[in-house]
Amino acid sequence: MAENRTGDVEAAVREHILLPAQEMAKLGKATQPVLTHAEGIYVFAEGGRRLIDGPAGMWCAQVGYGRKEIVDAIAHQAMVLPYASPWYMATSPAAKLARKIASLTPGDLNRIFFTTGGSTAVDSALRFSEFFNNVLGRPQKKRIIVRYDGYHGSTALTAACTGRTGNWPNFDIHQDRISFLSSPNLRHAGNRSAEQFLDDLVKEFEDQIEALGADTIAAFLAEPILASGGVIIPPKGYHARFKAICERHDILYISDEVVTGFGRCGEWFASEKVFGIVPDIITFAKGVTSGYVPLGGLAISEKVLARISGENAKGSWFTNGYTYSNQPVACAAALANIELMERDGIVDHAREMADYFAAALASLTDLPGVAETRAVGLVGCVQCMLDPTRPDGNDDDKAFTRKIDERCFELGLIVRPLGDLCVISPPLIITRAQIDDMIAIMRQAISEVGAAHGLQMKEQVDV
Ligand code: PLP
């Protein structure tokens, strides 16, 4: 019976679903594992096989699965008032959620615009930067500065800001007013120190501003850590120096916290508490509802808004909005999620687990084929390379890593395959013992696949 259901699901997917990141040569051919249910940090596949959800869905299942409080809040809201037009009507869930999020954001980022997910959050933030400069009477100040390896979404504008160049082919991406800076990836520093590397990155930004003219640049859009681009953690002090430059040139600093927000880095938001800056705008999604329903949004600085509202509005209307802005069911889910996180101290727990998680990942570096590990809070990765001296993985490294991911899956752990990285960003409720389980599986998988590739243990190589 279960066999048949799984077969049915696979067939329907093959026949009817266009997947995100679909390899077109395999359209209608490739299958995905079918999940049936989930509990805590575990998801269950066909036949009841239990898997640790290493990537927390898609970096989003903060409180884990089977949380009745969130499910009840969703059911209740769907029953009493499933929808209200955000153009004309107010509802309690959206109002309360906005107030709650404003209390969690840094500085004066107290005005919230709700969207349907991360892409629409970043898209709206960028459209806000256009609107801001047009209302201020400087229509030429429109350029957006982003980084290679950044990821910001799949709308036309956010895809154009995405610096994962592998996403570009065969799409008509309009980048005439978008400029790219180098990825702050320390593996690209060569023989420069971290400080020298940072100085060079800062100089590149300053040179670019000078070349383009500050009066043409609206915004700098940056993830605190470049998540989908490879869990890239910029050198210490990077954000503060970039923020200071933005302030000097009246460039909006948009911090894309779609991944890093809601406890992922051990704080509600990472910008200030982890990276020391108060941006002008923060975008969020994913963890705001722990993935139970879609929701995203942005928090905007009051100081910024004051420049284009009230007496300064010049008759303008911010005509950007979605049918599902302020969606009551989504907002009720987010409120329940945040209440749960507060009640159970889940953000504190994530912060407390961070060192243990980083050390556990780092313990894998004794294995051949592990180039390095990186972690902030509960987001981390293991970079797997046949030749760890390369700055970036080549196709062989990627194939090697894919095999490790597949072996992890067989052994009971989902790992997000990302080029030469095994990405791990577990639900924030994960315990030390469960981290040990993940690492034990990864150790076995990397050792076995490494041995199959003829890699020798590092000690053996050294003698
Ligand atoms: N911004 C960042 C930093 C992301 O990682 C993502 C998605 O992974 C997005 C934006 C887009 O979010 P969504 O997929 O919810 O549209």
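Q: Which residue has a side chain that makes a polar contact with the side chain of T120 at 2.9 Å?
A: This is a predicted model, in which local features need pLDDT of at least 70 and side-chain atom pairs count only at pLDDT 80 or more, while totals for chains, interfaces and linings use all residues. Residues are numbered from 1 along each chain as its sequence is written, and side-chain values use heavy atoms, with hydrogens and water left out. A polar contact is a pair of N or O atoms within 3.5 Å; within protein, one atom must be able to donate a hydrogen and the other to accept it, and residues adjacent in sequence count only if both atoms are side-chain atoms. The side chain of T120 makes such a contact with the side chain of T115 at 3.2 Å, and the contact at 2.9 Å is with the side chain of T116.

Q: Is T120 buried or exposed, and what is its relative accessible area?
A: T120 is found in helix 5, residues 118-135, where helices (H or I, at least four residues) and strands (E, at least two) are DSSP runs numbered from the N terminus. A residue is called buried under 20% relative accessible area, exposed over 50% and partly exposed in between, with a 1.4 Å probe and protein chains only. T120 is therefore buried, with a relative accessible area of 14%.

Q: How many nonpolar, polar and charged residues make up the shell around the ligand?
A: The residues around the ligand are G117, G118, S119, Y151, H152, G153, E223, S228, D256, V258, V259 and K286, a residue being near a molecule if one of its heavy atoms lies within 4 Å of it. In this classification Ala, Val, Leu, Ile, Met, Phe, Trp, Tyr, Cys and Pro count as nonpolar, Asp, Glu, Lys and Arg as charged, and the others, Gly among them, as polar. The shell then holds three nonpolar, six polar and three charged residues.

Q: What percentage of the area that the ligand exposes when taken alone does the protein bury?
A: An oxygen atom of the ligand is 2.8 Å from a polar backbone atom of G118, a nitrogen atom of the ligand is 2.7 Å from an N or O atom in the side chain of D256, and a polar side-chain atom of K286 lies 3.0 Å from an oxygen atom of the ligand. Accessible areas come from the Shrake-Rupley method with a 1.4 Å probe, and for residues only the protein chains shown count as cover. Taken alone the ligand exposes 390 Å², and the part of this that the protein buries is 82%.

Q: What is the angle between the planes of Y238 and F242?
A: A search of the whole structure finds 18 aromatic pairs, where rings of Phe, Tyr and Trp (its six-membered ring) pair if their centres lie within 6.5 Å, and planes under 30 degrees apart count as stacked, over 60 as edge-to-face and the rest as tilted. Y238 and F242 both lie in helix 8 (residues 238-248), four residues apart, which is about one turn of the helix. Y238 is buried at a relative accessible area of 1%, and F242 is buried at 1% as well. Their pair is stacked, at 4.2 Å centre to centre, with an angle between the planes of 20 degrees.

Q: How many residues apart are F262 and F284?
A: F262 and F284 form an edge-to-face pair, with 5.8 Å centre to centre and 65 degrees between the planes, and both are buried. The pair links distant parts of the chain, with F262 in the loop between strand 8 (252-256) and helix 9 (270-273) and F284 in strand 9 (residues 281-284), a separation of 22 residues.

Q: Which residue lies over the face of Y42?
A: A charge sits over a ring if NZ of Lys or CZ of Arg is within 6 Å of the ring centre and within 35 degrees of the ring normal. R432 lies in this way over the face of Y356, at 5.3 Å from the ring centre. Over the face of Y42, at 3.8 Å from the ring centre, lies R50.
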